[in-house]
Amino acid sequence: MRIAKADLDEWNISALHVERDGAPPWTFVPLDEDRVQVVEPIGDDYLLALGSQQLAVWRMSDRSLVVRCKPNTFYPYLSPWFFASKRQSLFHFSSFASQLRELSFETGETRFHDLGAFKALSGGAIDGGDAIALLGATGPFDAQRIEILRLDPAAGEHAGGSRLRPVHLDVSKKQTWPSACSPDGRLVARVHLGSVAHAPAGRGRSLFGLGRPSFANHPDLQANPIQDCYGVAIELYETATGRLTHRLLAAFHTATEYQELVQRNGSWREQGQLAMADYTAAHARKEGAVLTPECLVRTWLKPGKPLFRSIIERMAERFPYDRWDGERQVVYAGDRGPAATKAERDFIDFPFGFLTDVQLAWRHDGAALTVMCPNGRERDVYLDGRVTPWREAPPTIRQRQVPEAALKAMRAEIRAKASIPIRLTELDVASCRAALDEMAQRMAAGLPALLFRDVLDWRFHRGRQRWSERQFFDHLRSFGPEERAALVPPLRALLNSYGEQARKVRPQSHDMFLSGVGSKHPEQWKAALSDAALYLAEIDAGAGPFLRGWLTSIDQEHDQTAAGKVLPAFAATSRFADEDSLRFGLFYALQQWQTPKVPIEKLGLVAAAKAQCSPAEFYALVLEEAASAGGPDEPASFNNVRALLGSGEWDREVAKLLAA
């Protein structure tokens with residue numbers, strides 16, 4: 001199953017493109033109210049899509065939706081999940097992993113299993129779902145342990161659990177992953193943190209001397225006989241007993257590869273190349289007397305080696321792979337006590353972390369683990385210790401490209417479903433007035449019914465011709481002044497109705513309601529009904545009261561239309577010649593907080609006010625409009641008005657009143 005993803009930013013959703021052998025490709029939207037963050041095949045026929053709010057399971061054979069829901073958890077795509085084949089159920093952790101949600105593929109029902117204080121980090125189904133193996137802890141700093149829940153197949157509730165001895169798995173190191181449990185739930189995998197396997201350079205001649213280690217025949221060592229090599233190992237624990245069953249050497253990094261891993265992190269590039277003596281003095285100055293340069297040099301220095309490699313090789317001498325006792329954890333501070341002191345752990349933490357920075361994922365058949373390295377390579381590690389040659393990791397769904405033709409067709413399909421069709425019989429004033437009347441009537445019937453993913457997409461149909469909102473209002477500009485006057489009443493009704501409702505309906509996908517989007521770039525999107533608001537401002541000197549609700553619904557951080565076009569157009573039409581238009585200009589100024597363009601000082605608002613009212617009357621208008629704009633706190637709330645004032649006597653008097 002080959003999967004590619006494309007985000008449809010204008011609707012804040014994602015499209016998936018799935019190709020399966022023997023079936024035609026399929027492009028579809030798996031989550032109707034969310035972007036896809038994670039996609040995982042479940043067996044050969046199911047596909048799981050996880051987002052920030054939703055999850056959904058789709059059946060590929062008949063292209064049907066099995067289940068879709070909104071889990072009661074933050075960011076479902078970050079929560080572990082697993083599939084129980086016998087129960088045909090998906091298990092998903094929710095509510096900070098203290099509750100296990102079971103979604104039945106057969107009935108679509110949801111069951112919940114309360115885990116109490118136990119916080120699960122991973123899980124797996126034993127024997128297809130007769131029992132559940134969970135890996136987790138009771139507290140954020142506790143040792144991880146394995147817990148078995150026996151499930152009642154009929155009721156779906158767990159019938160008690162067996163809590164096994166703690167398994168020392170380091171939570172802070174992220175060494176356990178959502179796929180840590182094997183598909184059958186019988187084994188738990190994690191990166192080995194108890195020892196270091198080091199194969200010194202020149203081992204081809206010496207065969208490691210007299211003490212030949214157990215890993216001497218590893219394929220990676222045979223391929224690189226002349227460099228120092230450092231091993232990455234995996235531990236497997238049996239869920240039924242908590243017993244360590246396997247320790248497998250997954251890979252050896254050469255000295256060059258390890259140095260590249262260090263240098264991938266820019267903040268550690270210099271420290272990874274510094275000589276030990278240079279670094280220890282600086283470290284000692286930061287840490288005070290915790291570690292002296294002499295102590296660090298004596299314990300960790302290897303002459304001629306970069307810092308981090310020197311530390312890794314000293315760790316291999318102190319914690320050799322073949323002498324591990326089966327329990328010691330080098331960097332774990334648990335009940336048994338650390339193998340390294342606190343100060344030493346702080347010192348070796350990053351070098352060791354770079355060495356063990358791999359991800360693990362079980363193959364679907366459970367016969368092997370796939371080990372993925374940061375350099376983009378991966379290989380399979382079998383339970384008997386065999387490893388496959390390195391291969392390039394397959395591209396992620398983000399790296400795969402949805403075919404342009406399929407994506408274009410998907411956008412057209414969504415737009416057709418999401419758009420609001422308005423019929424144009426002709427292009428004359430009467431027909432356009434009828435179209436505006438229909439828009440106002442549909443808006444009065446309810447804004448939510450017209451929205452799709454917060455987008456208000458009007459489409460005007462005349463025969464085979466299709467116009468966007470912008471194209472329709474561009475056509476209206478061809479009419480003369482008398483013809484335009486007939487269009488004012490329905491436009492006022494449309495924008496007034498929208499403004500009243502937009503204050504009460506909260507956007508779900510964006511920061512504001514959007515017009516039908518023509519651009520893929522968010523910074524070029526416009527607020528809903530922007531073209532209608534601009535046209536009304538151009539033709540109606542009395543438009544101020546009907547634009548207020550629309551103005552307050554926009555996202556000032558991103559919208560440029562209100563400040564850059566609508567207000568200048570209104571100023572040119574009204575010249576702020578009466579009290580209503582003057583009030584609208586003040587209202588606009590007072591409720592601004594972010595819009596980059598606030599050109600009121602150049603639009604004649606204060607000059608018009610001087611001709612109409614005294615400073616005291618103007619101040620009274622400011623107070624009234626401040627209240628209608630949301631009652632901002634004084635005195636900072638009047639800064640936008642102060643910015644409009646000049647240096648004349650009238651201006652100084654208003655400034656004094658505002659300061660009072």
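## Overall composition

The chain contains 21 helices and 28 strands, where helices (H or I, at least four residues) and strands (E, at least two) are DSSP runs numbered from the N terminus. This is a predicted model, in which local features need pLDDT of at least 70 and side-chain atom pairs count only at pLDDT 80 or more, while totals for chains, interfaces and linings use all residues. Residues are numbered from 1 along each chain as its sequence is written, and side-chain values use heavy atoms, with hydrogens and water left out.

Of the 660 residues in the chain, 51% are buried; buried means under 20% relative accessible area, exposed over 50%, and partly exposed in between, with a 1.4 Å probe and protein chains only. A contact means heavy atoms within 4.5 Å. Among contacts between residues at least 6 apart in sequence, 56% join residues at least 24 apart.

## Helix α17

Helix α17 covers residues 579–590. Its 12 residues should span 16 Å at 1.5 Å a residue, and the end C-alpha atoms are 16 Å apart, which agrees; the expected span is 1.5 Å times one less than the number of residues.

The helix is mostly covered, with 10 of its 12 residues buried. Among them are R583, F584, F587 and Y588. The elements covering the buried residues of α17 include α15 (544–553), α16 (561–574), α18 (605–612), α19 (615–628) and α20 (639–642).

## Helices α19 and α21

Two packed helices are described by the angle between their axes and the distance between the axes. The axes of α19 and α21 (residues 649–659) come within 9 Å and cross at roughly 45°; axes are lines fitted to C-alpha atoms, for helices over the stretch in contact, and angles run from 0 to 180 degrees between N-to-C directions. The two helices are therefore oblique to each other, as angles under 35 degrees count as roughly parallel, over 145 as roughly antiparallel, 65 to 115 as roughly perpendicular and the rest as oblique.

On the α19 side, the contact is made by P615, A616, F618, Y619 and V622, and on the α21 side by W650, E653, V654, L657 and L658.

## Positive phi values

Most residues other than glycine have a negative phi. Q88 is not a glycine, yet has a positive phi of about 50°. Q88 lies in the loop between β8 (81–84) and β9 (89–94) and is buried, with a relative accessible area of 18%.

D454, also not a glycine, has a positive phi of about 70°. D454 is placed in the loop between α10 (429–444) and β25 (455–456), and counts as buried at 5% relative accessibility.
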